[in-house]
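Please look at the sequence and the structure below, and then read the briefing that follows.

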Amino acid sequence: MAWANILADLIGATILFAVPLLLVALGGMFSERSGVINIALEGIMIVGALCSCLTLVGLDKAGIGVNHPQLGMLIAILVAAASGAVFSLLLAFASINLRADQTIGGTALNMLAPAFAIVLTWAVQGQGQTTILIPTWTRITQDNFGIERADTFFQNLIFKSFYLTTVVAVVLFIAAYIIMYKTRFGLRLRACGEHPQAADSVGINVFKMRYAGVMISGVLGGIGGLAFTVAAGSGFQSSVAGYGFLALAVMIFGNWKPFTILGASLFFALFKVIGSYSDSIPFLPSFKSVSASEYIYLMLPYVVTMIVLILTSKKSRAPKAEGIPYDKGMR
Amino acid sequence: MFNWLGLFMVNLLLNNMPKMLANYWGATNKDRTASLATANKSALIPKAGLDKLLDSNYMNISIFIAIVIAIIIYIILEKMTFGYELKACGFNKDASIYAGINAKRNIVWSMVISGALAGIGGGIYYLSGTAQYTLVKSLLTMGFNGIPVALLGASSPIGIIFAAIFISYIQVGGEALQPEYAKEIIDIIIAVIIYLSAFSLLVKGILSRVMKGDTSNVNADEPVPITPPTGVKTGNAAGKVVGDAAGEVVKPIPADRIDHGETAKPIEASAKQPDTAAGIASESEEGGDK
């Protein structure tokens, strides 16, 4: 039974950590497919996580959360999406209207977000209180479905770390695929990322499309921030541990396409989980002669990704016009 | 990717090297490298009396090392063929390949140089003896702060000297705010400064309109590569040349490739002009390396 339990834990944790990567990488995909490099994903995640965690704490204090836990979680997700979208407007304004360098704007926002989060957390919780604790009712347990608790493989697999964000991520993934490839809007968005002048010549408003792309990435990035915070467990500490940058890597790894991004995020999360639980997985070699051997496993996801990227980089294809501000007069 | 790779690799190496960690040298903590003052005093960067002159323990000659390196980089970038080729690749890779520059080699070189400079930065920081490397699983913020410094210095080596001093000045000021206020307020200030530097395009457009005294020209902030942007102070005839050069920045390079040195100067001059004239269009494009 022990083996089954470990396997269930492993898969559960992989899915849990794949969710933020998937959501944020999908967000990055929307932004870059519309032609705006979104380095600010990390900052968007932090802002989304900050606002939604404050919402969760507020709901907890108001007593709504305990009575209707999943309604509270849904509100938090909506708040995360809205705050991420509002924050991403800053990037959109600088890079679309002012035609500023998109990397600069993104870097500035990445700096702004954690600092803003810390200052706001201090302001709300008092001096030196840097952690926003997430209420325990956010997790979906067996009680929500009225199922008897048991130590079986499937219950360990599903209920050990099951949050509403996972469900939302699945829904959003399907929605993202449909929007990107099956709607008029998606086609126009992609056109703006490939050749905005051509798109403009057939009457598509490039500015509007790029705004839409960046704001969708804000929505997904904000929800991803909340998903990361509930996955990381201990509460929100004004940081998402570089997951925004990881998501960027996942997006490039996933070749700017939804299904490959799904595969890439699962792959990356699996290696990440193996890295952090390496000492509790029995069948891995433990490198007894090397001290602090956990670093070998922590390095693993990055090494594997680099190798895969080297092997597949010939096929990788970025949107043509990404990073170039749209200028009507340009040839 | 390589951020984390480097981090974990260094942590792994430090853990497995004898005599590296602080606990070998009598300290209690195992999570950081040995303090250089106890382990090996001769490895410290010499202070050359500057600490007595300025009455500060933090002072050593590394500031001069940094400034000298900045000047060397300036000379390489502005006065040498190699630097010109590097910049040409940054402006337009395809055009520089067309002009006979080995763009791939130049891009690799630029990465090598930036890695070397970042390495010197890390070395100087820890060899000053005031800080110990801590084995943590998160990245140092200083590496990321280098990006805004470069942007604030408008990607010019000389500008970066002053930008670096400015940013570290307000950061040290932030440490002094500490008990009453969160020092992250400083990060907010820096972030806002950099974000607003993106507005320079807007301000330049307004300025050029005001200077020309022509408010009806809606194209003032929308420079087209072929025609000279309005509000450039360098007369009309020069503006024409500038406009052409802005369109095809690297056109004159083949001549430069043939004989080095002598001809580099006039070409340099013609390459610098689009910098100022079309600066409105290509403002801070140099800093766009991710």
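Among contacts in chain B between residues at least 6 apart in sequence, what percentage join residues at least 24 apart? The share is 50%, where contact means heavy atoms within 4.5 Å. This is a predicted model, in which local features need pLDDT of at least 70 and side-chain atom pairs count only at pLDDT 80 or more, while totals for chains, interfaces and linings use all residues. Residues are numbered from 1 along each chain as its sequence is written, chains are lettered from A in the order in which they are written, and side-chain values use heavy atoms, without hydrogens and water.

**Chain B overall**
- Chain B holds 15 helices and 0 strands, which are DSSP runs (helices H or I, at least four residues; strands E, at least two) numbered from the N terminus.
- Of the 290 residues in chain B, 30% are buried, meaning under 20% relative accessible area with a 1.4 Å probe, protein chains only.

**Helices α8(B) and α9(B)**
- The axes (lines fitted to C-alpha atoms over the stretch in contact, with angles from 0 to 180 degrees between N-to-C directions) of α8(B), residues 141-152, and α9(B), residues 157-176, come within 8 Å and cross at roughly 130 degrees.
- The two helices α8(B) and α9(B) are therefore oblique to each other, since angles under 35 degrees count as roughly parallel, over 145 as roughly antiparallel, 65 to 115 as roughly perpendicular and the rest as oblique.

**Helices α5(A) and α8(B)**
- The axes of α5(A), residues 102-125, and α8(B) come within 10 Å and cross at roughly 135 degrees.
- That makes α5(A) oblique to α8(B).

Note on methods
Buried < 20%, exposed > 50% of the residue type's maximum accessible area, 1.4 Å probe, protein only.
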